[in-house]
Amino acid sequence: MATPGLTALGMKGLLRYWRTLKRFWGSALASQMEYQVNLLIEVLAMAGNLAGSLLLLWLIYGRGQQLGGWSLDAALVVLGIYTLLDGVSSTLLRPNLGAIVTQVQQGTLDFVLLKPIDSQFWLSTRTLSPWGLPEIVTGLGLAIWAALRAGARPGVATLLGGALMLLSSVVILYSLWFVLATTSIWFVKTWNVTEVLRAALSAGRYPISAYPAGLRTLFTVVLPVAFLTTVPAEAILGRASGMWLLLSVAVATASLLFSRWFWRLALRDYTSASS
Amino acid sequence: MAIIRAETLSKTYRVADKQPGLAGTLRHFVQRRHRDVAAVKGVSFTIEAGEMVGFLGPNGAGKTTTLKMLSGLIHPSGGMAEVAGHLPQRRQADFLRQITLVMGQKQQLIWDLPPLDSLRVNAAVYGLDDATARRRIAELADMLELGEELTRPVRKLSLGQRMKAELLAALLHQPAVLFLDEPTLGLDINAQARVRAFLADYNRRHGATVLLTSHYLADITALCPRVLLIHEGGLFHDGSLRELSSRLAPCRLVRLELEEPRPAAAFVSYGEVEACDGRDVRLLVERERLTEVVARLLADLEVRDLEVSDPPIEELIGRLFRQGAVT
């Protein structure tokens, strides 16, 4: 196929990608530093969101109710992971994947396609917004703190498993988002798919078992929301079985491969029909 | 050996055929109708390594489509192209390292940062080590007369400076084949001249092959001994510029500013009326009749101002095809 596949890379090629990534992020940070006020806005937005979710949890549990059999502390682990993922979105996914539509509209995608580098790599890593980092730290902190309070005794295996699950959930979220952004090649005018995605993902704030059976199936099978927050939370709490771990990694790998296939499919149409 | 080869290269776009208005939109939604539009129809030519070739034609003639096929951005619907020994549409890394495409109306430099940051990104993408990148940037910046502009945010550069920086970014990997689509678009005369001088210099130094489209005939006259003229997707002329201009410009453009407005019909005996807007009249007059016609105009009418020039290439080409002089 047209783009040089990652599999065909040798050590020298990997080094080139690594150096490119450093230049990408170096220039992105330099460019973001021109807008310091963003940091304040992002931190305030995060604080507001987090406070809202905490309030809701507190109201529910304060009245002695439970969410799908989850204790307050366990539910807080889910919220922490959600916050972490939201931070990853703000830092990497939204700035990069959100720009794909613009690149298609303005035709600057042409420049990307003419570079001797994997176009999906370029489009997915080109920029970085450091303003989501506080959210990542807060989310991670909340998840760990709540897990300890919930009585989790993290051993090496649990930590590794949790890290792997978190990585999987980031990969799943990325792939989902990338596939949606890819559709802009056909629809050019953005129908704000990413907003739809964000709305669906906010379901991941709370444990999946808190939802009615129908939604639960939807969030597990159709939109893998369950794999994004609930499953990693179970892993951190030391409640996940090896089967879920494997399944999560499998879903992540499959979504990543699907996103690559889908991108190539879209490119085939772009390069045979664009003007 | 030919470095660029096009054989009956064709491109047909499928466009949606939609009537205006709500009814048209609804009908389009229910039953899509498509129309095939042939943008490029069986164009064949070869270009030798080191040649500078001008690509002419009115808007929508298929110039950009052809450049996009040659650079691998779009697949041909028929025929084939071969550039630097590769099929462009496969976009293999080895091919991409040998070509570049500059588009006057699109930019790749990062808006908020100085050009140098974008150049460093490109250097990494093309796998250039720091020393090589520095040396090439210095050489190209010198040729382009770029200095402190490279460390100023792109958004603070003038259009001319930005275009020069774009050229630098596009040439950092020392491509052997340059596809330039309107590289002087919107630049003032001085900036145009500098870009032209640079391209000639670059071609001399590196023996690069250049295929250039431009609205400004001056770009082509200054740079390209050979010209390809396409119209409505077909190749109509492939040869020297002199042959083309003798075919295209046995005419001169006479602009008149009159004391009193006159109807267009009043000028038919002098030449071909290009435009007549009351007091301002533009006439195309054959070269050999020029002195006679100008003398008659001055004698017959109250003329406030008169100016004789070469008609713009667009008008010449337009006239050529209206007359059906070339088939």
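User: Happy to dig in! Does strand β13 of chain B lie largely in the open or mostly covered, going by how many of its seven residues are buried?
Analyst: Good place to start, and keep in mind that this is a predicted model. A residue counts as buried if 20 or more other C-beta atoms lie within 10 Å of its own. Strand β13(B) spans residues 303-309, and the number of its seven residues that are buried is zero, so the strand lies largely in the open.

User: Which residue of β13(B) is the bridge partner of Leu253(B)?
Analyst: Strand β10 of chain B covers residues 251-258 and pairs with β13(B) in the antiparallel sense, over six bridges. Leu253(B) has its bridge partner in β13(B), and that partner is Ser309(B).

User: Let's move to the open sheet of six strands in chain B. Which strands stand at its edges?
Analyst: The order of this sheet is β5-β6-β7-β3-β8-β9, with mixed pairing. A strand with a single partner has one side left without a neighbour in the sheet, so the edges are held by β5 (99-103) and β9 (234-240) of chain B.

User: Which residue of β7(B) does Leu178(B) stand opposite?
Analyst: Strand β6 (residues 177-181) and strand β7 (residues 209-213) of chain B run parallel and are joined by five bridges. Across this pair, Leu178(B) faces Val210(B).

User: And on the β5(B) side, what stands opposite Val177(B) of β6(B)?
Analyst: Here too the strands run parallel, with five bridges joining β5(B) to β6(B). The residue opposite Val177(B) is Ile99(B).

User: Which residues of β6(B) point the other way from Val177(B), Phe179(B) and Asp181(B)?
Analyst: In a regular strand, side chains alternate between the two faces of the sheet. β6(B) is mostly covered, with five of its five residues buried. Opposite in direction to Val177(B), Phe179(B) and Asp181(B) are Leu178(B) and Leu180(B).

User: What angle does the direction of helix α2 of chain B make with that of β6(B)?
Analyst: Helix α2 (residues 63-71) packs on the sheet, touching β3, β5, β6, β7 and β8 of chain B. Its direction makes an angle with that of β6(B) of about 155 degrees.

User: Which helix joins β6(B) and β7(B) in a right-handed β-α-β unit?
Analyst: The two strands run parallel.

User: Now chain A: why can it be called as compact as a globular protein of its length?
Analyst: Chain A has 13 helices and zero strands. For its 275 residues the globule rule gives 19 Å, and the chain is as compact as a globular protein of that length because its radius of gyration is close to that, at 20 Å.

User: What percentage of contacts in chain A, between residues at least 6 apart in sequence, join residues at least 24 apart?
Analyst: Of the 275 residues in this chain, 40% count as buried. Among the contacts you describe, the share joining residues at least 24 apart is 82%.

User: Finally, which element gives the largest share of the side of chain B that touches chain A?
Analyst: The contact involves 24 residues of chain B and 26 residues of chain A. The chain B side divides into 12 nonpolar, five polar and seven charged residues. Elements giving two or more residues to that side are α3 (93-96) and α4 (115-125) of chain B. The largest share, five residues, comes from α4(B).

Methods
Residues are numbered from 1 along each chain as its sequence is written. Chains are lettered from A and ligands numbered from 1 in the order in which they are written. This is a predicted model: local features need pLDDT of at least 70, side-chain atom pairs count only at pLDDT 80 or more; totals for chains, interfaces and linings use all residues. Two strands pair if DSSP finds at least two bridges between them. Helices (H or I, at least four residues) and strands (E, at least two) are DSSP runs, numbered from the N terminus. Two residues are in contact if their C-beta atoms, placed from the backbone, lie within 7 Å. Axes are lines fitted to C-alpha atoms, for helices over the stretch in contact, and angles run from 0 to 180 degrees between N-to-C directions. A residue is buried if 20 or more other C-beta atoms lie within 10 Å of its own, exposed if 12 or fewer, and partly exposed in between; C-beta atoms are placed from the backbone. The radius of gyration is taken over C-alpha atoms; the globule rule is 2.2 Å times the number of residues to the power 0.38. Ala, Val, Leu, Ile, Met, Phe, Trp, Tyr, Cys and Pro count as nonpolar, Asp, Glu, Lys and Arg as charged, and the others, Gly among them, as polar.
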